[in-house]
Amino acid sequence: ERLACAACGYVAYLNPRLVVTTLPVTDSGEVVLLRRGIEPGYGAWAQPGGFLEVDETVAEGAARETLEETGLVVKPGDLVGIYSRLEAAVVVLVFEARIVGGAAHTTPEALEVRAFGVDELPWDGIGFKTSWWAIHDWVRLRHPEVPLPEAFRGREAF
């Protein structure tokens, strides 16, 4: 049920927030992930991303978040997928992104920034279902010959 005021009829809608992310891809085809330096998911692997601001497009927001978290300048390209996490009240957009500049480095939000080949992805260390689903879908899209795990076995903190 939604919270509503019986006197004036005001309804307090609780809508999900939009999270915009990228899967940065190196020239050699590796995907860049970060080991989270903040909660939720401290220490787990995920793609760079964060909440969309009201004054930016989804691609601009995804590129901004990637730069802030990894030091990489990216150009978002194909949409990998849109994923809902009801328990966190978020909708996550994931773009494949070409790295066009910058240099990967740690930040307060990233304990480690690393490029992974499709055969070395840290499946059991991925922290969020949405990250797992997005990486899984990206591998299936770009590398259909690679065998994939069947279920998320991460250590989601919430």
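This is a predicted model: local features need pLDDT of at least 70, side-chain atom pairs count only at pLDDT 80 or more; totals for chains, interfaces and linings use all residues.
**View 1. Glutamate 96 meets arginine 142 in a salt bridge.** The closest N and O atoms of this pair are 2.7 Å apart. Because glutamate 96 sits in strand 8 and arginine 142 in helix 2 (residues 129-142), their pairing ties together parts that are 46 residues apart in sequence. With a relative accessible area of 14%, glutamate 96 is buried, while arginine 142, at 33%, counts as partly exposed.

**View 2. Arginine 98 and its contacts are shown here.** This residue belongs to strand 8, which covers residues 90-102. Setting aside neighbours within four places in sequence, arginine 98 touches Val25, Val73, Val74 and Lys75. Glycine 77 is 21 residues away from arginine 98 in sequence, with 7.2 Å between their C-alpha atoms. Arginine 98 counts as partly exposed, at 48% relative accessibility.

**View 3. Arginine 85 and glutamate 87 join their side chains in a salt bridge.** Here the N to O distance is 3.4 Å. Look at the two partners in turn: arginine 85 is buried at 4% relative accessibility, whereas glutamate 87 is partly exposed at 43%.

**View 4. Arginine 114 pairs with glutamate 120 through a salt bridge.** Their closest N and O atoms lie 3.6 Å apart. Arginine 114 is partly exposed at 33% relative accessibility, and glutamate 120 is partly exposed at 35%.

**View 5. A network of salt bridges links Glu56, Arg64, Glu65 and Glu68.**

Technical notes. Residues are numbered from 1 along each chain as its sequence is written. Side-chain values use heavy atoms; hydrogens and water are left out. Helices (H or I, at least four residues) and strands (E, at least two) are DSSP runs, numbered from the N terminus. Buried means under 20% relative accessible area, exposed over 50%, partly exposed in between (1.4 Å probe, protein chains only). Contact means heavy atoms within 4.5 Å. A salt bridge is a side-chain nitrogen of Lys or Arg within 4 Å of a carboxyl oxygen of Asp or Glu.
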